[in-house]
Amino acid sequence: MNHWIVAPIVLPAVIAPFIIMVIRYHLDLQRIFSVASIVALNIIAVVLLMQASTGEIQVYELGDWPAPFGIVLVLDRLSAMMVLLTTLLSLAVVLYVIGSGWDARGRHFHALLQFQLMGVLGAFLTGDAFNLFVFFEVLLIASYGLMIHSGGGKRLAAGVQYVVYNLLGSTLFLFALGTLYAVTGTLNMADLAARVAELPADDTALLRVGAVLLLLVFAIKAAVLPLHFWLPASYANAPLPVAALFAIMTKVGAYAILRFYTQVFGPDVAATEGLVGDWLLPAAMLTLAVGAIGILGAKEIGRLMAFGAIASMGTLLIAISLFTPQGAAAAMYYMIHSTLTAGLIFLIADLIMERRGGAIVPHRPMPQIGLIASLYFVAAIALAGMPPLSGFVGKLLVMDAARDAGLGDTTWVIWAFILVSSLVTIVGLARAGSILFWKSYDPDFVNELESDALPKIDEETRIEPDPLETAPEPMPALSFVAAFGLLIGLVLLTVLSGPVLDYTTATADQIFDRAAYLETVLKRP
Amino acid sequence: MEILVATAVGVLTASGIYLVLRQRTFPVIVGISLLSYAVNVFLFATGRLVINAPPILNKYEDVPYTDPLPQALVLTAIVISFGMTAVIVMIALSSYLTNRDDRIDMIDDAGEDA
C-alpha cells in the first residue's frame with residue numbers, strides 16, 4: 001500500500017497538537033513549524049498529483065480492513081488536484097497571516113489552521129460517506145475557532161450565526177446518512193454506488209429522500225442560493241485572511257456534489273435520474289445573479305468580496321449541474337480559478353481594510369495605494385471573467401459545455417445569466433474600485449463618514465494581548481509576496497490552460513467511469 | 001415500538017426546529033441539542049429495531065442479532081454533537097458578554113441579508 005496517501009491527514013494532525021502543547025508561547029516557533037508543515041504538505045501533494053496523473057486509482061485501507069468493511073482513502077485525479085489546490089492556497093494564506101501579523105492578534109491561529117487543513121484534506125481523500133461527515137466536523141470546528149480569531153463583538157455575533165447554521169447542516173447530514181444507510185446498508189461510497197445501481201426501480205422513494213437531503217447539506221457548504229445566507233455575514237466579519245482560507249471550504253461542498261452525484265447517484269442511475277440536475281441548475285443560476293447584484297450593492301469591502309465568492313460559486317455550480325464529462329472538466333478548471341481568485345480578493349480586501357477601514361467611502365489616500373490598486377484591478381479582471389486572465393477561459397469553457405450538453409433553449413438562459421452577471425460584476429467592481437482608489441478626498445465631508453465607517457474598538461471589552469506573546473513587527477513585504485503568489489498562480493493557470501484542461505478532461509472521464517472506480521475500491525470485477 | 005420511536009424522533013425534531021427559529025441564543029442552543037437527540041435516535045433506528053439481541057454475529061448458531069454499525073455511528077455522532085454544543089455555548093457566552101445582547105440576528109449593523 002502507498003502510505004503517501006494518508007500523509008496529508010497525518011502530518012497536520014501531528015503538527016497541530018505539537019503546536020498547542022509544546023510551543024504555545026513561542027509565536028516564532030509556531031510560525032516556523034506551521035510554514036514547514038504546509039511546505040511539506042505541498043511537496044506531498046505534488047507527489048500525489050504525479051502518481052494520480054497516471055490515471056491509476058489508488059486505495060488506502062485504514063487498519064488494512066478491505067472496503068466496504070473498513071474506511072478507505074481513495075486517491076484519484078480529482079482528489080489529488082483538490083489536495084494540491086488546498087495546500088497552495090494555505091501556503092499563500094499562512095505567509096500573508098505572518099506578514100500582516102494576524103496570527104499575533106489572538107491565540108492558537110497556527111494550530112487551528114493545521115486542524116482545518118487536516119479536515120479539508122481528509123474530506124477530499126476519503127472514500128467513505130460517514131468519514132466524510134467526520135472530516136466535515138473537523139474542518140468546521142477548526143473554522144469556528146478561526147472565524148472568531150482575535151475576537152470583537154461583531155465578529156463573535158457573526159460567529160454564533162455561523163456555528164448555528166453549520167450545526168444545523170451537520171444534523172441534516174446525519175439524517176441524510178441515516179436514510180441512505182437504512183436503504184442500502186452501507187456507507188462506503190463505492191459500495192453505495194453499487195447498491196444504488198442494483199436497487200429495484202419501483203422502490204426508490206426513501207433513497208431519493210436521502211439523496212436530496214445530502215444535496216441540501218452540500219448546498220449549504222457550497223452556498224447555493226436559498227442556503228447562502230450564512231456566507232456574506234460570516235466571511236465579511238471573519239478575519240479576512242481566514243475568509244481567504246475559507247475559499248476552499250465552499251469548494252469542499254462543490255467537490256462533494258461532483259463526487260456524489262456522478263459516482264454514487266450518477267446521471268445514468270435509474271433510481272435518482274433527473275433528481276439533482278433539474279433543481280441544481282436554476283439554483284446555481286440564481287446564485288450567480290444574487291452574487292453579481294450583491295457586488296453591485298455592497299457598502300463594505302468584506303461583503304463585496306463575499307458576494308464575489310458567491311457569484312463564482314454560481315458559475316462553478318452551473319458547470320457541475322450539467323452532469324456531463326465536458327461540464328465536469330470545465331467545472332474543475334473553474335474550481336482552480338475560483339479558489340485562487342477568492343483567496344486573492346480576500347487578501348486584497350484585508351490589505352485595504354488594514355489601511356483605511358472596511359467601508360467603501362472616499363478616504364484619504366492610503367500607503368502603497370498604487371500597488372494595492374493594481375492588485376485590485378488585476379483581481380477584479382479575474383473575478384469578473386474578463387480576458388486575459390483565467391476567469392475568461394473558465395467562463396468560456398462553462399458556456400461551451402452548456403452549449404454541448406443538449407439542453408435546447410435552456411442554453412440561451414444559461415448564457416444570458418453568465419454574460420449579464422459578468423457585466424454587472426464588472427460595473428460593481430469598477431464602482432467599488434473607483435471609490436476606493438480614485439474618489440477625490442474632501443476632509444470635511446469624510447470626517448463625518450469616517451466616524452461611523454472605521455471599525456470601532458470597544459475599549460472595555462477588547463481582548464488584551466497576551467503579555468507572553470510579544471507582538472512582532474508586521475512584515476508587509478511578505479503579505480505582498482503572498483498576494484502576488486496567488487496572482488502568479490492565476491497567470492500560470494491562464495498560460496498553461498491547455499495542459500490543465502487536458503488534466504481536468506482526463507479527471508472528468510475518470511469520475512464518470514464508475515465501473516473502474518468500483519472495481520478498484522471493492523476489488524471485484 | 002416503531003410508532004413510539006418514530007413519534008419521538010418527530011416530536012424532538014419539530015420542537016428542535018421551533019426552538020432554532022427563535023431569536024435568542026439560549027433557545028437556539030436548546031433547539032440544536034434537541035435536534036441532535038432526534039438524529040441520534042433516528043440513526044439508531046436505521047439498523048432496524050430489534051429487542052433483546054446482542055450486536056454480535058454468532059457463527060455457531062443462528063440467533064438474532066442487531067446491526068452494530070448504527071451503534072458505532074451514534075456513538076460518533078453523540079461525541080461530536082456534545083463537543084459542538086460545548087463550543088457554541090462558549091462562543092455564544094463570549095458574544096453575549098461582549099455585546100451585552102443575546103440576539104441571534106444581527107439587525108443593527110449587518111444589513112438585510114444577515
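User: How do helix 2 and helix 3 of chain A run relative to each other, roughly parallel or roughly antiparallel?

Analyst: This is a predicted model. The axes of helix 2 (residues 27–52) and helix 3 (residues 77–100) of chain A come within 9 Å and cross at roughly 160 degrees. Angles over 145 degrees count as roughly antiparallel. Helix 2 of chain A and helix 3 of chain A are therefore roughly antiparallel.

User: Is the crossing of helix 2 of chain A and helix 3 of chain A left-handed or right-handed, and how many nonpolar residues does the contact have?

Analyst: The crossing of these two helices of chain A is left-handed. The residues that meet include A:Ile38, A:Leu41 and A:Leu49 from helix 2 and A:Leu84, A:Leu88 and A:Leu91 from helix 3. By class, the contact of helix 2 with helix 3 of chain A has 2 charged, 4 polar and 17 nonpolar residues.

User: Why do the buried residues of helix 20 of chain A lie on the same side, and which elements do they pack against?

Analyst: In helix 20 (residues 514–522) of chain A the buried residues are A:Arg514, A:Tyr517, A:Leu518, A:Val521 and A:Leu522. They lie on the same side of helix 20 of chain A because their arc around the axis is only 100 degrees. In an α-helix there are 3.6 residues a turn, so residues three or four places apart point the same way. The elements of chain A that the buried residues of helix 20 pack against are strand 1 (58–61), strand 2 (72–75), helix 7 (189–198), helix 10 (240–264) and helix 19 (497–512).

User: Is B:Ile80 buried or exposed, and which residues does B:Ile80 touch?

Analyst: B:Ile80 sits in helix 3 (residues 68–99) of chain B. Its relative accessibility is 17%, so B:Ile80 counts as buried. Leaving out residues up to four places away in sequence, B:Ile80 touches A:Phe133, A:Val134 and A:Glu137.

User: Where is A:Pro388, and what is omega for the peptide bond from A:Pro387 to A:Pro388?

Analyst: A:Pro388 lies in the loop between helix 14 (369–384) and helix 15 (390–404) of chain A. Most peptide bonds are trans. The bond from A:Pro387 to A:Pro388 is cis, with omega near 10 degrees.

User: Is B:Asn52 buried or exposed, and what is its phi?

Analyst: B:Asn52 is in the loop between helix 2 (25–45) and helix 3 of chain B. At 78% relative accessibility, B:Asn52 counts as exposed. B:Asn52 is a residue other than glycine, yet its phi is positive, near 60 degrees.

Conventions:
Residues numbered from 1 in each chain as written. Chains lettered and ligands numbered in written order. Predicted model: local features only at pLDDT ≥ 70, side-chain atom pairs only at ≥ 80, totals over all residues. Heavy atoms only, no water. Buried < 20%, exposed > 50% of the residue type's maximum accessible area, 1.4 Å probe, protein only. Helix = DSSP H or I, 4+ residues; strand = E, 2+ residues; numbered from the N terminus. Arc of directions from axis to C-beta. Contact = heavy atoms within 4.5 Å. Axes fitted to C-alpha atoms, helices over the stretch in contact; angles between N-to-C directions. Parallel < 35°, antiparallel > 145°, perpendicular 65-115°, else oblique. Left-handed = near helix turned anticlockwise from the far one by under 90°. Nonpolar A, V, L, I, M, F, W, Y, C, P; charged D, E, K, R; others polar.
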